[in-house]
Amino acid sequence: MIYVKPVRKAVRTFLLEEDKVLAIKYITNDDKQDFYDIPGGKIEDVETGEQTAIREFKEEAGIEIFNPKYTGNLIVEYPDRIFDFDVFITSEYKGMPQITEENASEWIKINDLLQKEKKFAEIYLLDNNHKTDLLNMNNFKFHFITDKNHYMIDEVFYQNLDEFWKEYLQS
């Protein structure tokens with residue numbers, strides 16, 4: 001019997017300003033507490049990825065973003081689940097970082113964020129190995145393999161995601 005991990009289709013949106021990014025830090029008392037993340041969330045049935053990016057950014061950071069541009073796709077594979085992220089970037093926004101019931105949003109220097117021990121895998125898109133693809137909207141296709149503690153174990157670059165899904169379903 002083949003075990004198929006549940007897949008969640010979602011977005012992540014990078015709001016960039018000079019050497020900083022708008023990140024969220026989870027403040028809830030669960031396994032995400034104190035982890036840094038990039039705003040985003042699940043794509044609802046009636047939404048496009050761009051609409052989800054705008055809605056989720058407002059919900060998670062309290063900031064209204066404009067003109068999010070699709071830049072690529074990131075598969076984050078955990079031992080028990082898969083996230084399939086459409087990734088967007090923007091530099092256009094209105095508002096200030098806010099605190100919600102679940103998280104606090106803040107501007108943080110990219111290098112400082114990369115040094116944080118508690119961060120989700122999508123933050124690695126900001127490191128020197130991936131930043132060019134993220135910023136140049138090269139329609140990248142990355143697959144980050146992580147452990148249950150969100151540490152990246154390996155990564156694969158795909159020309160298209162059909163390669164990933166074909167390999168995944170055959171394994």
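This is a predicted model: local features need pLDDT of at least 70, side-chain atom pairs count only at pLDDT 80 or more; totals for chains, interfaces and linings use all residues.
Where does H150 lie? I started my notebook with that one, and I found H150 in the loop between β10 (140-146) and β11 (152-157).

**Entry: the whole chain**

I looked up the secondary structure and found four helices and eleven strands in the protein chain. The radius of gyration is 15 Å, close to the 16 Å that the globule rule gives for 171 residues, so I can call the chain as compact as a globular protein of that length. Along its principal axes, I noted that the C-alpha trace spans about 50 × 35 × 35 Å.

I checked burial next: 46% of the 171 residues are buried.

**Entry: charges**

I found 21 positive and 34 negative side chains in the protein chain. The centres of the two sets lie 2 Å apart.

**Entry: two backbone angles**

Most residues other than glycine have a negative phi, and I went looking with that in mind. Phi of H150 is near 80°, a positive value. Is H150 buried or exposed? I found H150 buried, with a relative accessible area of 6%.

N67 has a positive phi too, near 50°. I placed N67 in the loop between β5 (64-66) and β6 (69-77). With a relative accessible area of 39%, N67 goes into my notes as partly exposed.

Notes
Residues are numbered from 1 along each chain as its sequence is written. Side-chain values use heavy atoms; hydrogens and water are left out. Helices (H or I, at least four residues) and strands (E, at least two) are DSSP runs, numbered from the N terminus. Buried means under 20% relative accessible area, exposed over 50%, partly exposed in between (1.4 Å probe, protein chains only). The radius of gyration is taken over C-alpha atoms; the globule rule is 2.2 Å times the number of residues to the power 0.38. Lys and Arg count as positive and Asp and Glu as negative; His and the chain ends are not counted. The place of a charge is taken as NZ of Lys, CZ of Arg, CG of Asp or CD of Glu.
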